[in-house]
Amino acid sequence: MTTLVFGHKSPDTDSTGSPILWAWYLSEVTGTDAEPVLLGEPNTEAAFMLERWSLPKPRIIADIEPGQPCVIVDTNNPAELPAAINEADIQAIIDHHKLVGGLETKGPIDITVRPLACTATIMVDLMGEHAARMPDAMKGAALTCILSDTLEFRSPTTTAHDRAVAERLAADLGVDIASYAAEMFAAKSDVSAFSDAELLRMDSKEYEVAGTKFRVSVLETTAPATVLDRKDSLMQSMQDVAAEDGVDQVLLFVVDILNEEATLLVPNDLVKTLAEKSFGATVAGDHVVLPGVMSRKKQIIPNLAL
């Protein structure tokens, strides 16, 4: 039975590229029949990666059959996975996030969770000498994932090892990192075709603070004005998205990659209180700028408080 490899819902670049990388490794190196799949439409940067490196878009699945062999990458959170995940045959987890708990397996499995900025970095390490066998398309996918998750080494999650792996891949491919990252971020910043609800769900994770459920959404861009010009309609859409998704409030952080800051939209007193308690901010209107805030994993989620 084919092993499915997938990341989290609302797939970003790492959750699109890493399943492709690991399915290649399983198929070509270990001889395991494996297929990368997605749990939703990839974002614009991930779509750019697929086109740039001539990679077929993996098929999208809504759920998983009981007993289905699978490898989970770039998450270990059941809330970000198919509803029936605990009925599947989970064979491995490869991730760089904190352990959440709640997954059940049919037996002992391989689990690799490392404090690196990107799942793809971990995969290159796990491949060992076989990483040199990766075709250019796989090296390109790995490079794109690392540059995306590190925001071209600007994110505080970046480690020296992430950077070294990315620089080695870029050298192998003859790619100039600064120029390529600029292309990536331009693709990520083009959100004109997306509705407000799609933007709010594009790169988001659910998180609970003191009994209040949040959808914590992040939009990383080199053109924050294109998003902030829509702030009124985005804040109106937050109510509908929250109701449909079973959360109390949507939080939207617009991360300005070049200026290395985030703007949090503040639609009500709940978010105003959260901004002040979480980030020591002074909120005087419907948004607040948070200097230096770039990472949901390291700077946003750990600091959320009410």
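**View 1. Overall fold of the protein chain, with 11 helices and 11 strands**. Residues are numbered from 1 along each chain as its sequence is written, and side-chain values use heavy atoms, with hydrogens and water left out. Because the model is predicted, local features need pLDDT of at least 70 and side-chain atom pairs count only at pLDDT 80 or more, whereas totals for chains, interfaces and linings use all residues. Helices (H or I, at least four residues) and strands (E, at least two) are DSSP runs, numbered from the N terminus. The C-alpha trace spans about 60 × 45 × 35 Å along its principal axes. The radius of gyration of the chain is 19 Å, in agreement with the value near 19 Å for a compact globule of 306 residues; this radius is taken over C-alpha atoms, and the globule rule is 2.2 Å times the number of residues to the power 0.38. Of the 306 residues, 55% are buried (under 20% relative accessible area; exposed is over 50% and partly exposed in between, with a 1.4 Å probe and protein chains only). The accessible surface comes to about 12,600 Å², 48% of it belonging to carbon and sulfur atoms (Shrake-Rupley method with a 1.4 Å probe; for residues, only the protein chains shown count as cover).

**View 2. The largest pocket, with a volume of about 880 Å³**. Of its 47 lining residues, E80, H97, K205, R296 and K297 are the closest to the centre. A pocket is an open set of points on a 1 Å grid over the protein atoms alone, where a 1.4 Å probe fits, with protein on both sides within 12 Å along at least five of seven lines; lining residues have an atom within 4 Å of a point. Grid points are joined across faces, edges and corners, and the volume is the space filled by probe spheres set on the points. Elements that each supply at least two lining residues include α1 (13-28), α4 (136-150), β7 (204-209) and α11 (296-300). Strand β8 gives the most, six residues. By class, the lining has 15 nonpolar, 15 polar and 17 charged residues (nonpolar: Ala, Val, Leu, Ile, Met, Phe, Trp, Tyr, Cys and Pro; charged: Asp, Glu, Lys and Arg; polar: the others, Gly among them).

**View 3. The second largest pocket, with a volume of about 200 Å³**. Residues in its lining include H8, K9, N77, E80, R201, K205, R215 and D245. Strand β7 supplies the largest share of this lining, three residues. The lining divides into one nonpolar, four polar and seven charged residues.

**View 4. S237 in helix α9 (residues 231-245)**. S237 counts as buried because its relative accessible area is 17%. Leaving aside neighbours within four places in sequence, S237 is in contact (heavy atoms within 4.5 Å) with D196 and L200.

**View 5. T222 in the loop between β8 and α8 (224-228)**. T222 is partly exposed, since its relative accessibility is 28%. Apart from neighbours within four places in sequence, T222 is in contact with F185, S189, I257 and L258. T222 and H161 lie 61 residues apart in sequence and 25 Å apart in space, C-alpha to C-alpha.
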